[in-house]
Amino acid sequence: MSARQRRVVGVALGLAVCGVVLALAVDPALGAMVISAASLVAIFTVVFTPPA
């Protein structure tokens with residue numbers, strides 16, 4: 001993985017952690033949406049970003 005891919009995946013994982021906190025503290029549905037979006041960002045970054 002390139003440095004850019006690692007950065008984006010790291011940010012997506014951080015967003016997923018925020019989604020877990022939202023799911024536990026505020027609303028499970030809102031947290032699940034944030035976790036899903038973060039997962040899609042990580043997957044699309046690895047699949048569609050060409051290596052440097």
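Author: Helices (H or I, at least four residues) and strands (E, at least two) are DSSP runs, numbered from the N terminus. The model is predicted: local features need pLDDT of at least 70, side-chain atom pairs count only at pLDDT 80 or more, and totals for chains, interfaces and linings use all residues. Residues are numbered from 1 along each chain as its sequence is written, and side-chain values use heavy atoms, with hydrogens and water left out.

Reader: How many helices and strands does the protein have?

Author: Two helices and zero strands. Helix α1 covers residues 3–25.

Reader: What makes the span of α1 close to the expected one?

Author: The expected span is 1.5 Å times one less than the number of residues. α1 has 23 residues, and its first and last C-alpha atoms are 33 Å apart, close to the expected 33 Å.

Reader: Why is glutamine 5 called buried?

Author: Buried means under 20% relative accessible area, exposed over 50%, and partly exposed in between (1.4 Å probe, protein chains only). Glutamine 5 has 5%, so the residue counts as buried. Val9, Ala12, Ala16 and Gly19 are also among the buried residues of α1, and their cover includes α2. Of the 52 residues in the protein, 23% are buried.

Reader: How do you know which residues glutamine 5 contacts?

Author: Contact means heavy atoms within 4.5 Å. Leaving aside neighbours within four places in sequence, glutamine 5 meets that limit with Thr45, Val46 and Thr49. Threonine 49, counted likewise, touches Arg4, Gln5 and Phe44.

Reader: What does the side chain of threonine 49 reach at 3.0 Å?

Author: The backbone oxygen of threonine 45.

Reader: What makes a patch, and which residues form the nonpolar one?

Author: Like charges are joined within 9 Å, and nonpolar side chains (Val, Leu, Ile, Met, Phe, Trp, Tyr) within 5 Å. Here Met1, Leu40, Ile43, Phe44, Val46, Val47 and Phe48 form the nonpolar patch, with about 740 Å² of accessible area together. Accessible areas come from the Shrake-Rupley method with a 1.4 Å probe; for residues, only the protein chains shown count as cover. Isoleucine 43 has 48% relative accessible area, so this residue is partly exposed.

Definitions and conventions
Polar contact = N/O pair within 3.5 Å; in protein donor to acceptor, adjacent residues only side chain to side chain. Patch = residues over 30% accessible without salt bridge, like charges linked within 9 Å, V, L, I, M, F, W, Y side chains within 5 Å. Salt bridge = Lys/Arg side-chain N within 4 Å of Asp/Glu carboxyl O.
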